[in-house]
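Please keep the structure open while you read.

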Amino acid sequence: MTAPLLQVKNLTIDYIGDSTDFRAVDDVSFDVARGEVFGLAGESGCGKSTIAFAISRLHKPPALIRSGRILLEGRDVLDLNPAQLRDFRWREVAMVFQSAMNSLNPVLRVQEQFYDVLRTHQKMNRAQARERTAEMLRLVDIPPDRMKDYPHQFSGGMRQRIVIAICLALNPKIVVMDEPTTALDVVVQREILQRINELRRTFGFSVLFITHDLGLMVQFCDRIGIMLAGKLVEQNTAENIYGAPQHDYTRKLWASFPSLHGEPVMEKVSI
Amino acid sequence: MQPLIAGLVRNRKALVGMIILLIIVLIALAAPLLTEYDPAARVGRPHQPPSAEHWLGTTRIGQDVFARLIYGARTSLAVGFGAGLLITVLGTALGIIAGYRGGKTDEAISFFTNMVLVVPNLPLLLVLASFIGQASPLVIAVILGCTSWAWGARVTRAETLSVKQKDFVKSAEMMGEPRWRIMTFEIFPNLISIVGINFIGSVIFAIITEATLEFLGLGDPKTVSWGMMLYNAQKASALSVGAWWDILTPCFALALLGIGLSLLNFAVDEIANPRLRTGNSMSRWSALIRSGEGRL
Amino acid sequence: MAFLLRRLGFYLAAFIAAATINFFLPRLMPGDPIQIMFSSTGTELSAENLASLKLTFGFVDGPLWQQYLTYLKSIFTGDLGRSIKYFPLPVTEVLGHALIWTVALMGTATLISFTLGTFLGILAAWRRGSVFDVVVSVGAIFATSVPAVVTSLIVLFFFGFTLNWFPTGYSADPALDPAFSLTYILSVLYHGILPMLTLCTVLTGGFAVTMRNNMINLLGEDYIVMGRAKGLSDSRVMIWYAARNALLPTVSSLAIAIGTVLGGSLVTEVVFNYPGLGNILYQAILARDYPVIQGQLLIMTIAMLVANFIVDISYVLLDPRLRRT
Ligand SMILES: Nc1ncnc2c1ncn2[C@@H]1O[C@H](COP(=O)(O)OP(=O)(O)OP(=O)(O)O)[C@@H](O)[C@H]1O
Ligand SMILES: [Mg+2]
């Protein structure tokens with residue numbers, strides 16, 4: 001076994017309040033191997049996004065990382081200085097946000113939003129960037145000639161795919177996906193997950209996949225962690241989480257997905 | 001309502017603003033106790049600098065500046081709060097009706113509102129006041145109230161549109177409550193911070209505008225008010241003859257009242273919009289970072 | 001395009017409304033309007049001059065609607081009547097001169113304070129809670145809450161009378177002939193500094209607060225977090241992701257601020273005896289020169305509408321969602 005790509009060790013994060021603090025993430029540890037899809041599931045407000053933000057060190061006050069380490073290929077992200085951090089972001093960890101529909105800047109053309117990444121990290125000029133943009137858009141089935149359009153001219157699903165294309169533009173080692181499909185209807189959702197899976201096979205990046213939809217998660221992930229009120233209460237392979245849940249809370253979660261549990265959930269092959 | 005008041009008590013800006021306002025109100029109320037002079041009467045020689053006898057000097061025609069200052073506060077406050085109330089009542093009523101009723105009513109009110117917004121306010125007031133001629137503070141307050149409600153109506157309408165979608169409004173409708181009851185008892189209480197901001201803003205606007213109109217010579221010369229003090233001082237060339245006390249006194253009074261009210265306004269804004277608040281949590285956060293108990 | 005056309009139609013309606021107010025005001029006042037408008041002025045007018053004045057203001061025989069139409073027609077042909085104070089100069093001429101000074105003063109002041117205020121607001125929001133933020137916020141509260149009259153008088157007192165650094169009136173040295181010469185231009189600039197300083201003090205704070213609050217409301221948006229996650233430089237995220245979007249609500253609030261700008265410049269001109277529209281209006285009020293007063297309302301309405309239209313256009317240019325191709 002090689003060393004895991006991403007190691008989160010004893011991560012604890014508080015939101016500082018006026019008089020008391022709120023512990024959003026409490027002593028959480030997990031690893032993500034190279035090329036693996038690791039899922040984080042749990043009800044709304046249990047701290048999933050807080051973990052996702054910490055991996056790229058995107059937190060702003062009043063969030064405070066109390067303790068813990070976040071290692072990517074053995075290097076602690078929390079020790080990077082501002083210049084190293086800028087260089088690290090997106091090149092090593094790219095991110096699809098919870099409302100990816102709103103994560104494109106409404107006043108910049110799509111090609112600009114590719115260009116600023118490519119110029120910052122790879123010093124590309126406009127012509128090179130345009131070529132790379134076209135290539136990435138083709139990967140997600142967006143006609144490259146639409147790169148001159150603004151985000152509002154695309155549908156929700158297309159915007160989602162554009163964000164994914166921007167994510168892959170630098171060949172990152174891991175992509176963090178925070179509920180990338182919640183705002184989409186089921187068909188589009190499935191389509192996008194399938195596409196991500198194909199791309200993952202081609203490029204070999206890892207995925208940290210976050211959702212509260214357990215049914216979706218077991219179809220898509222290799223391993224899954226279940227979170228409850230800031231704590232990681234169970235961690236296992238997708239099959240075991242589905243077939244042999246250990247923790248009471250996991251079982252309760254399954255009970256709340258009556259329609260999914262039982263029949264079509266395990267058609268993992270189709271994805 | 002409750003959180004608004006609780007928030008105001010805890011907000012530092014609100015506290016300072018409150019204190020300033022309270023002091024001015026008390027001084028205005030206690031004016032006869034604080035000075036023996038009649039603010040309108042000639043009580044000394046013209047343009048005397050501040051002295052033990054005349055704390056803030058005298059005007060060109062020998063009136064006591066301090067007496068005029070504290071009696072004038074009554075006028076400014078009365079016009080400000082009177083006109084402010086009128087502006088707020090009109091703006092809130094029109095905004096809620098337009099937002100809640102929708103349809104043709106909304107179109108008509110919104111068109112009218114937008115129209116009033118693009119006709120320049122101060123020149124319009126000047127024209128009105130010049131036709132009325134020597135407007136008394138009461139007249140000024142009334143025309144201010146009738147011409148300045150448009151901004152309030154616009155923001156109240158926008159807010160009403162979002163409150164209207166809430167469940168409690170829907171359920172009140174289902175129970176067949178009459179529309180006026182829904183507007184007064186379901187919607188209005190939820191607009192209280194917008195109404196508060198509108199009210200304080202309107203008071204500031206009314207005080208400033210009254211002073212401006214009077215300064216421009218549209219007031220009634222018999223009025224004792226800060227605006228008339230400015231007008232008389234300017235007419236007497238107080239600055240060029242070096243009688244700074246004559247003109248700077250109402251200046252600082254107006255500035256102080258303006259600042260006090262603005263502080264209150266900003267405070268209400270912060271309470272209404274939690275994102276604007278910089279509470280205690282920020283200083284606790286910084287302290288924790290400095291002591292190395294966490295990082296980002 | 002459709003959006004701008006709709007706005008134009010609306011502005012036309014607003015202009016007619018202002019003109020209508022102008023027409024009906026003297027008629028709604030208690031007493032005889034002609035008496036109010038043309039007698040108490042102290043200036044003796046000959047019978048035929050009085051007749052021509054009355055004609056422009058629609059005080060002709062016939063039913064009210066006919067008077068109203070005559071009046072509207074004269075307005076749209078650019079005939080605002082003659083000034084009583086400067087008889088027989090037409091109102092348009094009296095106002096035309098002043099308009100140039102006002103536009104120059106107001107335009108420059110708005111541009112400077114909008115740029116400066118927006119910039120301060122951006123930085124304050126970006127460094128939320130820092131000393132800089134506190135200084136900007138508190139300074140803005142002070143600057144915006146003090147009436148323009150007061151700011152003007154205080155500036156005039158300190159820089160004009162006490163320190164004697166700047167002239168206390170006029171737009172240029174009255175001894176100089178208006179000409180396109182260096183001396184004249186320097187004199188204009190020298191005379192413009194204090195009114196400009198006043199207006200900028202009055203206006204900058206408001207723009208700064210608006211921009212700061214709009215920025216803060218946006219900073220949690222996903223596209224801004226994504227900008228940071230992309231590893232872009234701080235300044236790129238601040239300008240192109242945050243400020244560029246926060247500018248949209250700021251520009252639309254600029255439309256409302258134009259009224260304040262107009263009011264502020266009016267007062268400032270009076271205090272600094274600057275020969276702009278505001279000062280003309282002041283003189284006209286003192287002389288009860290009603291034709292000029294009424295003409296002012298129309299000119300200022302037009303100024304306001306033009307400014308609003310410029311704001312509309314820049315809004316369309318700034319927001320791709322409104323641009324239809
Ligand atoms: N800025 C903040 N200030 C204070 N508390 C916060 C802040 N942001 C998040 N929290 C709290 O932290 C907890 C975890 O939030 P987080 O966004 O990580 O939840 P989540 O698991 O992603 O939920 P969801 O599925 O709804 O996205 C929540 O209870 C939330 O109330
Ligand atoms: Mg989340």
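How many aromatic pairs does a search of the whole structure find over all chains? Point 2 takes this up.

1. **Ground rules.** This is a predicted model, in which local features need pLDDT of at least 70 and side-chain atom pairs count only at pLDDT 80 or more, while totals for chains, interfaces and linings use all residues. Residues are numbered from 1 along each chain as its sequence is written, chains are lettered from A and ligands numbered from 1 in the order in which they are written, and side-chain values use heavy atoms, with hydrogens and water left out.

2. **Aromatic pairs.** The search finds 21 of them over all chains. Rings of Phe, Tyr and Trp (its six-membered ring) pair if their centres lie within 6.5 Å; planes under 30 degrees apart are stacked, over 60 edge-to-face, and the rest tilted. A:Phe30 and A:Phe38 make a stacked pair, at 5.0 Å centre to centre and 5 degrees between the planes. A:Phe30 is buried at 2% relative accessible area. A:Phe38 is buried too, at 0%. Here buried means under 20% relative accessible area, exposed over 50%, and partly exposed in between (1.4 Å probe, protein chains only).

3. **An edge-to-face pair.** Why is the pair of C:Phe15 and C:Phe76 edge-to-face? The ring planes stand at 80 degrees, with centres 5.7 Å apart, so the pair gets that label. C:Phe15 lies in helix α1 (residues 2-28) of chain C and C:Phe76 in helix α4 (residues 64-76) of chain C, so the pair ties together parts 61 residues apart in sequence. Helices (H or I, at least four residues) and strands (E, at least two) are DSSP runs, numbered from the N terminus. C:Phe15 is buried, at 11%. C:Phe76 is partly exposed, at 48%.

4. **A cluster, and charges over rings.** B:Phe111, C:Phe10, C:Tyr11 and C:Phe309 form one aromatic cluster. A:Lys60 lies over the face of C:Trp126, 5.1 Å from the ring centre. C:Arg127 lies over the face of C:Phe132, at 5.7 Å. The test asks for NZ of Lys or CZ of Arg within 6 Å of the ring centre and within 35 degrees of the ring normal.

5. **The magnesium ion.** Which protein atoms are donors of ligand 2? They are OG of A:Ser49 and OE1 of A:Gln98, lying 1.8 to 2.4 Å from the ion. A:Ser49 is in helix α1 (residues 48-55) of chain A, and A:Gln98 is in the loop between β6 (93-96) and α3 (110-122) of chain A, 49 residues apart. Both are partly exposed: A:Ser49 at 24%, A:Gln98 at 36%. Donors are N, O and S atoms within 2.8 Å of the metal (3.2 Å for Na, K and Ca); water is not among the atoms, so sites may look incomplete.

6. **Ligand 1.** It is surrounded by 14 residues, the closest including A:Ser44, A:Ser49 and A:Gln98. A polar side-chain atom of A:Ser44 lies 2.5 Å from an oxygen atom of ligand 1. For A:Ser49, a polar side-chain atom lies 2.6 Å from an oxygen atom of ligand 1.

7. **Chain B.** This chain has 14 helices and zero strands. Its C-alpha trace spans about 70 × 65 × 35 Å along its principal axes. Of its 296 residues, 54% are buried. The average pLDDT (the predictor's confidence in each residue, from 0 to 100) is 88. Confidence in chain B is lowest in helix α1 (residues 2-10), at a mean of 72, and highest in helix α4 (residues 65-101), at 94.

Technical notes: Near = heavy atom within 4 Å. Polar contact = N/O pair within 3.5 Å; in protein donor to acceptor, adjacent residues only side chain to side chain.
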